[in-house]
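Work through the exercises below with the sequence and the model side by side. Try each task before reading its solution.

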Amino acid sequence: GYLNAARIKGSHAAIKSGMLCGDAVFEAVTAGRSADELTAYPAAFEQSWLKEELDQSRNFKLWFKKSPTLGKIMTGIEQWLLPKIGVSNPPWTLHGTKSDNQSLKPASECPKIEYPKPDGKITFDRLSSVFISNTNHEENQPAHLTLKDPTVPT
């Protein structure tokens, strides 16, 4: 699903995009269609409140990639000032020079982060954290999410 990075917790966007997709799948299955393109999904997305929300914050990450200060200023202009003067979406769109996955480095090329030992008050060890979260699974349970091709970056 989609994510509105400017809103930090973008789960509402992921849920809405999943609902739109689910509706398109349901429509196709009930019509007896299979293995075709779900053209109803992009059309439904274009007419949803989610597209409007994501359009307004489309430049968020790219402003911050230029600089944190510029990101704060321009995000304020785009998401606070422009709507105050009646402009719902920025009249400009930034374009990245490369896709996000091209910016990733192998872990071996990055400095190792040394975390302090858990103090038992603010930070906890993994076993305690799993217990507190009420997670219940077998320790050696295989992962239920697998990649079709592990050589393709996700």
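**Exercise 1. Find the exposed residues on the face of α1 turned away from its buried side.**

Solution. The model is predicted; local features need pLDDT of at least 70, side-chain atom pairs count only at pLDDT 80 or more, and totals for chains, interfaces and linings use all residues. Residues are numbered from 1 along each chain as its sequence is written, and side-chain values use heavy atoms, with hydrogens and water left out. Helices are DSSP runs (H or I, at least four residues), numbered from the N terminus. Buried means under 20% relative accessible area, exposed over 50%, and partly exposed in between (1.4 Å probe, protein chains only).

Step 1: read off the face. It carries the exposed residues I15, F26, V29 and T30.

Step 2: turn to the other side. The buried residues of α1 are A13, K16, S17, L20, A24 and A28. Viewed down the axis of α1, these fall within an arc of 120° (directions from the helix axis to the C-beta atoms), so they line one face of the helix. An α-helix has 3.6 residues a turn, so residues three or four places apart point the same way.

Step 3: find the partners. The buried residues of α1 pack against α2 and α3 (contact: heavy atoms within 4.5 Å).

**Exercise 2. Which residues make up the largest nonpolar core?**

Solution. Step 1: apply the rule. A nonpolar core is a set of buried Ala, Val, Leu, Ile, Met, Phe, Trp, Tyr and Cys residues joined through side-chain atoms within 4.5 Å.

Step 1: list the members. They are A13, L20, A24, Y41, F45, L50 and L54, seven residues in all.

Step 2: assign them. α1 (11-30), α2 (40-46) and α3 (49-56) each give two or more residues to this core. The largest share, three residues, comes from α1.

**Exercise 3. Classify the aromatic pairs.**

Solution. Step 1: state the cut-offs. Rings of Phe, Tyr and Trp (its six-membered ring) pair if their centres lie within 6.5 Å; planes under 30 degrees apart count as stacked, over 60 as edge-to-face and the rest as tilted. The count comes to two pairs.

Step 1: take Y2 and F45. Their ring centres are 4.7 Å apart and their planes at 20°, so the pair is stacked. Y2 lies in the segment before α1 and F45 in α2, so the pair ties together parts 43 residues apart in sequence. Y2 is partly exposed at 35%; F45 is buried at 11%.

Step 2: take F60 and F64. This pair is tilted, at 5.0 Å centre to centre and 50° between the planes. Both lie in α4 (residues 60-66), four residues apart.
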